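Subject: Structure handover

Hello,

Here is the structure for your files. My notes on what was found in it follow below.

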Amino acid sequence: MKITCENIILDTDPRIRMKSEPVSLPLSDEDKELLSAMLEYVRNSQDEEIAQQDNLQPAVGIAAIQVGVPKQLIAVVIPEEDKVYEAALANPKIISESVQNSYLDNGEGCLSVHDVHEGHVFRHARIKVRGYDLIQDKKVVISAEGFFAIALQHEIDHLSGKLFYDHIDENDPWKEDEEAEVI
């Protein structure tokens with residue numbers, strides 16, 4: 001299975017607002033194949049040459065619902081200077097979160113959203129996520145902060161039918177939070 005831009009559903013498709021169902025563990029071959037393809041899409045989308053060749057829009061994460069499958073599966077790849085944070089999670093659940101917020105200074109984007117939605121999307125600065133990680137082939141608890149935490153929260157939101165722009169304050173899209181970590 002190979003995922004390309006043609007497989008990504010947009011926010012104009014009502015399926016993007018569907019709640020995703022948990023998957024059974026151990027993962028079925030079908031779910032393993034889908035989650036592997038999602039991880040491959042994100043990894044390859046970050047390589048300019050492969051992305052152009054395979055028609056991939058650059059991404060740091062993807063949820064199964066974005067390819068029209070309402071299952072609790074997400075893949076996130078965050079390359080940082082000294083390390084790459086990767087997770088291919090089944091049934092991810094946030095089990096703890098910081099009081100402090102964080103946000104991306106320039107706002108968020110999404111594979112399923114082509115229209116521009118400007119504004120700050122406040123998320124928890126630090127989170128712990130529990131789920132089954134296909135990469136490690138075991139149940140894990142991931143402690144995340146910074147951009148990795150934001151990306152995980154963005155993808156987990158998809159599992160309940162939420163999009164990033166649902167978090168933007170309509171009356172004051174660029175409002176500040178002096179306590180928040182700006183990324």
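Helix H3 (residues 146–158) is the main contributor to the lining of the largest pocket, giving five residues. Helices here are DSSP runs of H or I with at least four residues, strands are runs of E with at least two, and both are numbered from the N terminus.

Two notes on the basis. The model is predicted, so to speak plainly: local features need pLDDT of at least 70, side-chain atom pairs count only at pLDDT 80 or more, and totals for chains, interfaces and linings use all residues. Residues are numbered from 1 along each chain as its sequence is written, and side-chain values use heavy atoms, with hydrogens and water left out.

**Pocket**

The largest pocket holds about 230 Å³ of space. Its lining has 15 residues, and Val60, Gly61, Gly109, Cys110 and His154 lie nearest the centre. By class, nine are nonpolar, four polar and two charged. The classes are these: Ala, Val, Leu, Ile, Met, Phe, Trp, Tyr, Cys and Pro are nonpolar; Asp, Glu, Lys and Arg are charged; the others, Gly among them, are polar.

The search ran on a 1 Å grid over the protein atoms alone. A pocket is an open set of points with protein on both sides within 12 Å along at least five of seven lines. A cavity is a set where a 1.4 Å probe fits but cannot get out. Lining residues have an atom within 4 Å of a point. Points are joined across faces, edges and corners, and a volume is the space filled by probe spheres set on them.

**Cavity**

There is one cavity of 30 Å³ or more. The largest cavity has about 40 Å³ of space. Lys2, Ile3, Ala37, Glu40, Tyr41, Asn44, Asp54 and Leu56 line it. Helix H1 (residues 29–45) gives the most to this lining, with four residues. The lining of the largest cavity counts four nonpolar, one polar and three charged residues.

**Sheet**

Five strands make an open sheet in the order E1-E2-E3-E6-E7, with antiparallel pairing. Two strands pair if DSSP finds at least two bridges between them. E1 (61–63) and E7 (138–145) are the edge strands; each has a single partner strand, so one side of each has no neighbour in the sheet. On average, neighbouring strands of this sheet are turned by 40 degrees against each other, direction ignored. Axes are lines fitted to C-alpha atoms, for helices over the stretch in contact, and angles run from 0 to 180 degrees between N-to-C directions.

The pairings go as follows.

- E1 and E2 (residues 73–79) are antiparallel over three bridges; alanine 63 has isoleucine 74 in E2 as its bridge partner.
- E2 and E3 (residues 84–97) run antiparallel, joined by seven bridges; a hairpin of four residues connects E2 to E3.
- E3 and E6 (residues 126–133) are antiparallel over six bridges; leucine 89 stands opposite aspartate 133 in E6.

**Aromatic pairs**

The structure holds three aromatic pairs. Rings of Phe, Tyr and Trp (its six-membered ring) pair if their centres lie within 6.5 Å; planes under 30 degrees apart are stacked, over 60 edge-to-face, the rest tilted. Tyrosine 103 and phenylalanine 122 form an edge-to-face pair, 5.0 Å centre to centre with 70 degrees between the planes. Phenylalanine 164 and tyrosine 165 are also edge-to-face, at 5.6 Å and 80 degrees.

Best regards
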